[in-house]
Amino acid sequence: MTGLPPVTAPVLAEALEALPARLRRKVDDAVVRAGGWPVTGTADGATVRVDEATTVTLVTVDGVVRRAADARCSCLLAPNCLHRMAVLALAPVDDGMPVVDGVPVDDAPLVEDVSPAAGRPVDPAAAADPPAGVAGDAVADAAGSAPAPTGRQRAAADGLWRVGVAVLAAGTVGCGVVLRTALLRAVHEARANGLHRAAASGTRVAAGLRAARDGEPQHRLADLTDDLRELLAVSRRLRGDAPAGDLGALLGTARRAYDPQAGLRLYGLCTVPVVADSGYAGVVTYLADRDGRLWMVADLAPGEAGRAAGAGDATVAVGESGLSHRQLTRAGLVVSGGTASESGRLGAGRSVRAARAAGVGWADEPLAGLWAQPLPDQVRRAFGAVALPLPERTAGADLLFLTVRVLGGHDHTVLVDTDDGAVLTLTVADEHTALPHRANLRLLGQAVGARLRLVGRLDPTRRATVQALAVGPVDGDGPGLTLPENWAGHADLGYDRLHTSQLRTGDGAAVPPPDRIPAPDATVPRPRLGDPALGLLRRQVERVVSGGRAIQALADPTERMLRLARLDLGAHLLAAMGSAARARPRDAFGRLTDDDGQAFAESWLAVAVYEEAASRASAEASWLP
């Protein structure tokens, strides 16, 4: 069903609570039927026609249904009827996040490391005021010790934790409208009390559960697993009086401050299309200043891959330079009166003045200095960036600048080696067919022996793997890449479409197009797979998210393989999770009683955190020759 206006989480929760218990059990089936009801847009909302005699009317305020009374049904059981509830459940959820320039602030981290997946430029953009009764994000006790969450913040974190425990116990197969609504209500309460990081992860979990339930193509079980781990880990630490770690990082921020910047002379580096799972799409352009520091300009709005494909030609929203993103990546910019966030995102306030300037090639300073950094230093910096909470990452901190030689291609990957002797796997940054990543990478796999400069994003979940974002030729004899002069020496793989005629052999001739897909060269190294024992542990973690606690209770023990791989702690944690899944307490009469599931959730969280840390350490070690 399309055309429905967004609905706030409290409206959805109020409508669900108003239903009698006998009807709550039928909500999921009603939602499936409601998918075929026709929707008619109106000046102040929408009308849904259930049948000849029944309609559901939604009335909006500023484009959003903000009160339960604004959702009305004409049937005899109204307002507590399944028709009304089904329509509200199908509508997109407006979670009340601060929005600047059309982009939710909490979505910025999902695209800013472009990133979950990262989510403005307005001056000033101060942090949101705390709700009534909350004296800021945290309080310190009378003795002056470290700040601790307020009572309301701990209560909100406890609500998120308990809903997260219920989601984990049910799995995606058991999470219907009731659980998702409870999660959205807990997210709303958390955001109202300043738990912005936990609320953002809860929003992503709710979106992932809905995508899994509806069978949407963008659903990724791995992403949902990571988001649920983040939700449980952060909310669990915030429930206590004195959470371990930096409280500010645990709380997150609602809005980033944009500080004035002295005059900036910027040089275009590359432009990357963005398609976020949160429903936002657009483009991010990276720039470098005279000192080699990276900055970014983004254009993100609700949309899909089609919007990202066209956003490269949109005008850059910094000053009045008139440059599009695809032009800026090959030009320069002089900015005065500018503002920027601490992470390096440029603001677009009214006082900003920007003028077009000459750009430089990747082989010229200051851009050439990015490729002069030793590979081990770059890898440590990138892994350090992905280990930080998303709001704390600076622009481009997870990017790698490599000079590589093409060894060959396998399927949709390209094998390359570096001057340091490391063999790396290049993968597509985005699988959407509206973007040319896949076709460009397949063509680069034919340029065996070509030396290239590469801008890529570190993939921390795979061994020695880079998502290729942009490439440029390295001057010299032998096989290589010949680009049009107006491309200024590099190709953005998400926008520029490479052609076979641009590849040259060792004698300078173009590579002829193959009549058929060539068989993989047996002399080319195969992509290195991850640690099989850690892969097994990851499957155990994801299986619980998919099937819930019950599937883990029936799982065969696999600790022996982990112990053979010398992952003794992982084997111990996995065995503890299995025991917690099978534990069924009984009362004094021997009857089964229902526990609250927290022991199982804590054991799953321990396994998930261990697996994430071990996989990251294994991936980082794989970069060394």
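The model is predicted, so local features need pLDDT of at least 70 and side-chain atom pairs count only at pLDDT 80 or more, while totals for chains, interfaces and linings use all residues. Residues are numbered from 1 along each chain as its sequence is written, and side-chain values use heavy atoms, with hydrogens and water left out.

The protein chain has 20 helices and 23 strands (DSSP runs numbered from the N terminus: helices are H or I with at least four residues, strands are E with at least two). Of its 625 residues, 52% count as buried; here buried means under 20% relative accessible area, exposed means over 50%, and partly exposed lies in between, with a 1.4 Å probe and protein chains only.

Eight of the nine residues of β20 are buried. Pairing of two strands requires that DSSP finds at least two bridges between them. Strand β18 (residues 423–428) runs parallel to β20 and is joined to it by four bridges, with T427 opposite Q467. Strand β19 (residues 451–458) runs antiparallel to β20, with seven bridges, and G456 stands opposite A468. A hairpin is formed by β19 and β20, with six residues between them; in the turn, A464 has a positive phi of about 50°. Strand β22 (residues 491–492) also pairs with β20, in the antiparallel sense over two bridges, and here A470 faces D492.

Charged side chains come next. The whole structure holds 25 salt bridges, each being a side-chain nitrogen of Lys or Arg within 4 Å of a carboxyl oxygen of Asp or Glu. In the salt bridge between D158 and R239, the closest N and O atoms are 2.8 Å apart. This pair links distant parts of the chain, as D158 sits in helix α6 (residues 151–174) and R239 in helix α9 (residues 221–239), 81 residues apart. D158 is partly exposed at 21% relative accessibility, and R239 is partly exposed at 24%. Another salt bridge joins R49 and E52, with the closest N and O atoms 2.7 Å apart. In that pair, R49 is partly exposed at 42% relative accessible area, whereas E52 is exposed at 73%. A network of salt bridges links D226, R229, R538, E542 and E611.
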